[in-house]
Amino acid sequence: PEVWAEFREFEMGLLAKTQGNPQAQKQQAQRVRALFMRQLALPLPGADRLRDALASFEGGLEEAARSASAAAKAEALAAAVAGAWQERAALESRLQEASRPSVTVGPADTSDEKSATPATVAAEILALEEASGDRGRILVGHLRATGSAPKEASRWRCFAEFHSSAQEHQRAAEVLERAVRHCARCGDLWLQLHCEGEGAGASVEALRDVLERGLLALRSAPEKSQESEAHAQELLLQHADACRRAVQNLPKGQDPVELLAEMRATFERAVGSAVAAGSDAGYSSQALLHWMRVEAYAVRDYKATVQVGNRLMKLWGAYYNGWSSFIAAVRHSTTTDVYATVRDLFEQAQAQVADYPDQVRSDYLQFERECGTFQSWREAQRKAHQFQQQQQQQQAQ
């Protein structure tokens, strides 16, 4: 209510300067009247005093600037929200009580640990506002909830989601910019900020700024943690994905070379960061796998797919799933005939795969049947048969 009062006082100061200009006075009086009505439409205390203040305001105006329907409209607005105020009056009283500074006299362990705090009461008020379904009230509830507990990342995530779910990505990004000032080392918030920025139509340059600030914050902790490094790598991968989407959204005829170069450089940083942090090969492998798939299925760059895939196989060469993904990516990355390349990859896979060697040979036989010559298909059959005989002999021994 105090904020509304100061707002009205400002507008009434402007009203005083319209003396001698009936038209300007009428317009400015309507602005002040609108502030009265907007406040009366909210479930706030002091509705009776506010209606009295409105009546005094109307009485002090010249006849031409008065509103005959103002009193009735104010009565209707106040009646409409009276029930809502009764629901929240007790909560508001508790919030005021919890916000007062207090001193506990006596042993420290005798204090009431379950006493309400501004943060817990603000959360209850937010739940009440959400139940109302009024987006204006919910917005204020989120503002109060984050203001009472600015270091709680979950409050900021909920606030951002409130805007994002309504496709208000720019507002969500603004909320998250405030969030990362309070929770600078929360990786989820940086990821969400980057995502909402892209949703709001931010340029790649602006997204790059979010990326660099996020990496700096996440890696500024005195003690490095695996969780923060995982968030850093995910932020890098998310930026690489944003560059790829920017390429797809380029106007026809515009050169994508710079965006593709930034995408690949960001993927390279994601792979390198996992190695530099001393993480296990899983982080590097996941980054390389994602990079390979983007090159194959989105960019359709055969050469890049083969290069990244070969790097991945140095880490995943013993696993069937790795070779299966690599071969599928290579076959999809180009419309030209890559029979020789794929055949060479199958030969390498048969020599390296340790977990499902039978499946690799079965896949290779099917590949030769579908894409090879009669001679190559028959040769693959003979080799598969010889391998089966060797296995049977070993089992018999």
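**Aromatic contacts in the predicted model**

Tyr364 is buried, at a relative accessible area of 6% (buried means under 20% relative accessible area, exposed over 50% and partly exposed in between, with a 1.4 Å probe and protein chains only). The structure is a predicted model, in which local features need pLDDT of at least 70 and side-chain atom pairs count only at pLDDT 80 or more, while totals for chains, interfaces and linings use all residues. Residues are numbered from 1 along each chain as its sequence is written, and side-chain values use heavy atoms, with hydrogens and water left out.

Rings of Phe, Tyr and Trp (its six-membered ring) pair if their centres lie within 6.5 Å; planes under 30 degrees apart count as stacked, over 60 as edge-to-face and the rest as tilted. The count by this rule is 8 aromatic pairs. One of them joins Phe346 and Tyr364 in a tilted arrangement, with 5.6 Å centre to centre and 45° between the planes. Phe346 belongs to helix H16 (residues 339-352) and Tyr364 to helix H17 (residues 357-371), so this pair ties together parts 18 residues apart in sequence. Helices here are DSSP runs (H or I, at least four residues), as are strands (E, at least two), numbered from the N terminus.

Phe346 is likewise buried, at 6% relative accessibility. Its ring and that of Phe367 have centres 5.4 Å apart and planes at 35°, so this pair is also tilted. Phe346 in helix H16 and Phe367 in helix H17 are 21 residues apart, and their pair links distant parts of the chain. Phe367 is buried at 3% relative accessibility. Ring pairs join Tyr339, Phe346, Tyr364 and Phe367 into a cluster.
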